[in-house]
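Please keep the sequence and the model in view while reading.

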Amino acid sequence: MTDPILTLRVAEVTPETDDAVSVSFETGGDGELRYRPGQFLTLRVPAPDGWAARCYSLSSAPGDTRPTVTVKRVPGGIASNWICARLRPGDTVEALPPAGRFTPAPGHRDLLLFAAGSGITPVMSILRARAREGGTAVLVYANRDERSVIFADELRRLTEAHPDRIQVVHWLETLHGLPDPGRLAALARPFAGADAAMLCGPAPFMRAAAEALHQLGVDRARVLTEEYQSLASDPFASLCAAPRTPPAADDAATATVTVELDGERRTLPWPARTTLLDLLRARNLDAPFSCREGACSACACRVVGGEVKLLRNTVLEEEDLAEGYVLACQAIPLTDHVEVVYD
Ligand SMILES: Cc1cc2nc3c(=O)[nH]c(=O)nc-3n(C[C@H](O)[C@H](O)[C@H](O)COP(=O)(O)OP(=O)(O)OC[C@H]3O[C@@H](n4cnc5c(N)ncnc54)[C@H](O)[C@@H]3O)c2cc1C
Ligand code: FES
């Protein structure tokens, strides 16, 4: 198993607005960082009582010169203020590999995107990829005022370069008031037939956009959301701890699991009280993860046979669960045999 902790060297810190910066990392050394548009990194930053881990979406797209995250200060926030105020070129930061399911599927040709504030970050990655690879995208982008619009110039450049494929509708609270479902629905109505709708931003904005899509009759199965929250635990700490030994199959209730990961299928004994992620990592398999607390979906995989129980889940929605998606970091077996696929 490769060491999941990456050491990234900061190449550039670029102010985007008064309270947001983009941080680009050197490539090379460990090789290219492989990610999909809309995925995030988990960074380890100093905190008053030790370390904190926080997820930051990549705003760059695969193929860009440097992988880049974009961070907006949260008043009183530990990590965002440290990154915006202290990080300099040449510094190194520890990170977990790119993860996350907020990424268009191959069949998603036409996208309807809703972003607000720093929620633009994964959406920018998706737009940059679209510009290069094809497909259409309409973005409804809400901000407090003109000064707070992250990536204003680049969005203008993208829409000018691809007027037939990329469209951006700005919503400024100083001009239009707070976004509400009725007016968001009116804006989005011509694009409601998109293959997928993707939402990222503060909770009230996400609720308004989701309600707008509901009013437009957009099937919930076509809606992807990325919710920002701070991790409560430090996933790096468990990785730095003593090497893990495979969990003992010590109870009568041991199941088996067949896992398809990185193109290989393996069948393993699965002790009833061990989470799937712990099992796979103890067996030296490169299963992805970030928070380990059921909050980020980095560890999501699909159950295609048998059943599991999720100990905690604050991120997958009913529709995800109905499609068989589960969180490996929270999954324990319910049936004697379970089949799992990492897409
Ligand atoms: C998948 C994902 C992707 C993300 N992508 C991005 C991104 O691209 N860009 C971005 O800017 N952010 C992103 N985030 C959010 C980011 O991870 C952090 O949550 C955010 O930067 C705030 O972290 P912080 O350490 O600065 O604030 P925190 O220290 O976590 O504080 C957050 C807020 O809570 C308050 N607070 C903290 N502790 C307490 C307490 N004990 N009592 C009361 N209030 C308290 C703080 O004052 C602050 O207002 C993403 C999150 C996720 C899960
Ligand atoms: S690692 Fe975050 S939900 Fe499992």
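The domain bounds used here come from an automatic or database domain assignment. The model is a predicted one. Its chain is assigned domain 1 (6-99), domain 2 (110-226) and domain 3 (242-341).

**Domain 1 and domain 3: extent of the interface**

- The centres of domain 1 and domain 3, taken over C-alpha atoms, are separated by 28 Å.
- Contact between the two involves five residues of domain 1 and four residues of domain 3.
- About 340 Å² is buried between domain 1 and domain 3, and 71% of this area is on carbon and sulfur atoms.
- On the side of domain 1, the most area is lost to domain 3 by F40, L96 and A99, which together account for 75% of what that side buries.

- Zero salt bridges are counted between domain 1 and domain 3, while one residue pair is in polar contact, with both residues at pLDDT 80 or more.
- Strands β3 (40-47) and β6 (92-99) are the elements that each give two or more residues to the side of domain 1 touching domain 3.
- Classified by type, that side of domain 1 has four nonpolar residues, one polar residue and no charged residues.

**Residue W82**

- W82 is located in helix α1, which spans residues 78-86.
- Leaving aside residues up to four places away in sequence, W82 touches V45, P46 and L87.
- From W82 to L280 there are 198 residues in sequence and 34 Å in space, C-alpha to C-alpha.

Conventions: Residues are numbered from 1 along each chain as its sequence is written. Chains are lettered from A and ligands numbered from 1 in the order in which they are written. This is a predicted model: local features need pLDDT of at least 70, side-chain atom pairs count only at pLDDT 80 or more; totals for chains, interfaces and linings use all residues. Side-chain values use heavy atoms; hydrogens and water are left out. Contact means heavy atoms within 4.5 Å. Buried area is the accessible area (1.4 Å probe) that two parts lose on being put together, summed over both. A salt bridge is a side-chain nitrogen of Lys or Arg within 4 Å of a carboxyl oxygen of Asp or Glu. A polar contact is a pair of N or O atoms within 3.5 Å; within protein, one must be able to donate a hydrogen and the other to accept it, and residues adjacent in sequence count only if both atoms are side-chain atoms. Helices (H or I, at least four residues) and strands (E, at least two) are DSSP runs, numbered from the N terminus. Ala, Val, Leu, Ile, Met, Phe, Trp, Tyr, Cys and Pro count as nonpolar, Asp, Glu, Lys and Arg as charged, and the others, Gly among them, as polar.
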